[in-house]
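Please keep the sequence and the structure in view while reading.

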Amino acid sequence: MTSPPDNDARKVTSLRELPQSLEPPHDLWPRIEAQLTDIPDAAAGRATPARAGAMRARWLAVAAMLACVATGVWIGRSFLPGAPGSTAGPVSANNQVVPDLRTTAFDAAYVSDPRYAQQRAALVRTLQAKLAALPPPARAKVEASLATIEKAKADLEQALGRDPSNALLQELLVNTYQDEMRVLSDVHEASDPGRGI
Amino acid sequence: MRIAMRLSGALLLLLAGAAASASAEQTFDREVAVQPRGAVDISNVSGRIEVSGWERAEVSVHAELEAGVERVDVSSEGGHTSIKVLVPHAPGHGGEVRLQVKIPQESELNVSGVSADITTTGVLGVQRLNAVSGNVTAELAGADVELKTVSGNLHLKGRGQAARLRLSTVSGDVRVEHGAGDFEASTVNGTLIVSLDSARSVRVHTTSGDVRFEGRLTHGATVEASTVSGELNVHASADGGYAYEVSSFSGAISDCFNASPERASQYGPGSRLEGTRGQGAGHVRLKTMSGAVQLCDRL
């Protein structure tokens, strides 16, 4: 038995009649910002159970986002033209320190894709030797480019820390990781005598 | 004392002779009959590579070799011609070679250099030009062109003939004049200055390099440009107009048609400019994190 129709209630006949977005009743940003500011306190053991739960949810959201970014990078590297094939190369014999391609939380997320991790690790491991094979002016410019990429990654990650769900920043970060792989691949191939890039 | 001075003089003459001998240039000339639409591969480590197209079914090679270069190999078989400058394997050895090559104008051309500058003129076939630190300058003639360097600059000059153009460099600058067709370019921190007479699709990306694009779009064309911290300056006109979408996290957005950017989110950072010019047949999407963006529908 169904209840009689409520003539006062407005019938929705099309999805277009629904509101485009539902805004929260008040500005949530100040509280979110305050919680972000409190993260060090929480890490120091002063987090309440409710706040710890919120932290967990936030980190889960960040982890999910990282997985999406990693998948995007893997797809880009696997299917875009110029993806490197076998990247196994000799380990630098001179044991020099490679440029500071630091491992970040985002890098750690990529480890979930072993192929991406293997490719990147192999390229980074041989980077110093490959750079040494370049003409000195080119080497200096490439090192400057790698530094630029590192700074871009750091800036994007910092911005994502403030706005983790920002699709624009996520896309630009994926682009930057693809740039890094492109540079590493180009350096690898450019220093291979007789092969060119 | 006089004997010592004479000995010193003789020694100096000997050293000068040896130095002159070491820097002496040799020349190499060779012509081979080839297929008019074959492929020509050229490689040279250091110096210059100048390629021009001509109407004869022959490849002509003129090389000026500095000391330390082993030889120039030229071979042709089954529509494939190869020109290689061979240098000793030890790093730091081998002088420069200036290669001047004439090829049938409809040949497919593949050039690879390390620190050699590459220049092409009058080649109507597909061109793939790669260098590490050398600069690449190519003349566009309607066939697809792919230019790639690590630190060298890229310069492409066309006459409005449509083609697929792909340019990529790590730290070099990119400059394109009178290109047309499908265009794709990327650089990390170089500057991108692109002028297209007629563009079907445009995709450009930099990390920190500035982009200045100026071009006329065909009906329904797409333009996508993104950068992390560089500036995007896009002047694109189209007969059918275009829908535009400009997104920025912290960079300023401006335009020449008095539209105002809005906040991307009511409570979060970021701004967005969206709208339509003309009939909205094409699409223009510009994205940046912190660089300034300027969009204009007039050239």
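## Overall make-up of chain B

What percentage of the 299 residues of chain B count as buried? The share is 45%, where a residue is called buried if 20 or more other C-beta atoms, placed from the backbone, lie within 10 Å of its own, exposed if 12 or fewer do, and partly exposed in between. This is a predicted model, in which local features need pLDDT of at least 70 and side-chain atom pairs count only at pLDDT 80 or more, while totals for chains, interfaces and linings use all residues. Residues are numbered from 1 along each chain as its sequence is written, and chains are lettered from A and ligands numbered from 1 in the order in which they are written.

Chain B holds 1 helix and 24 strands, these being DSSP runs of at least four residues (H or I) and at least two residues (E) respectively, numbered from the N terminus. Among the contacts in chain B with a separation of 6 or more, 43% join residues 24 or more positions apart, a contact being two C-beta atoms, placed from the backbone, within 7 Å.

## Strand E12 and its partners

Strand E12 of chain B (residues 145-149) is largely enclosed by the rest of the structure, because 4 of its 5 residues are buried. It runs parallel to strand E10 (residues 127-131) of chain B, to which 5 bridges join it; strands are said to pair if DSSP finds at least two bridges between them. Within this pairing, Gln127(B) has Val145(B) as its bridge partner.

Strand E14 (residues 163-169) of chain B also pairs with E12(B) in the parallel sense, over 5 bridges, and here Lys148(B) stands opposite Ser168(B).

Leaving aside residues up to four places away in sequence, Leu156(A) touches residues of both chains, including Leu172(A), Val228(B) and Met289(B).
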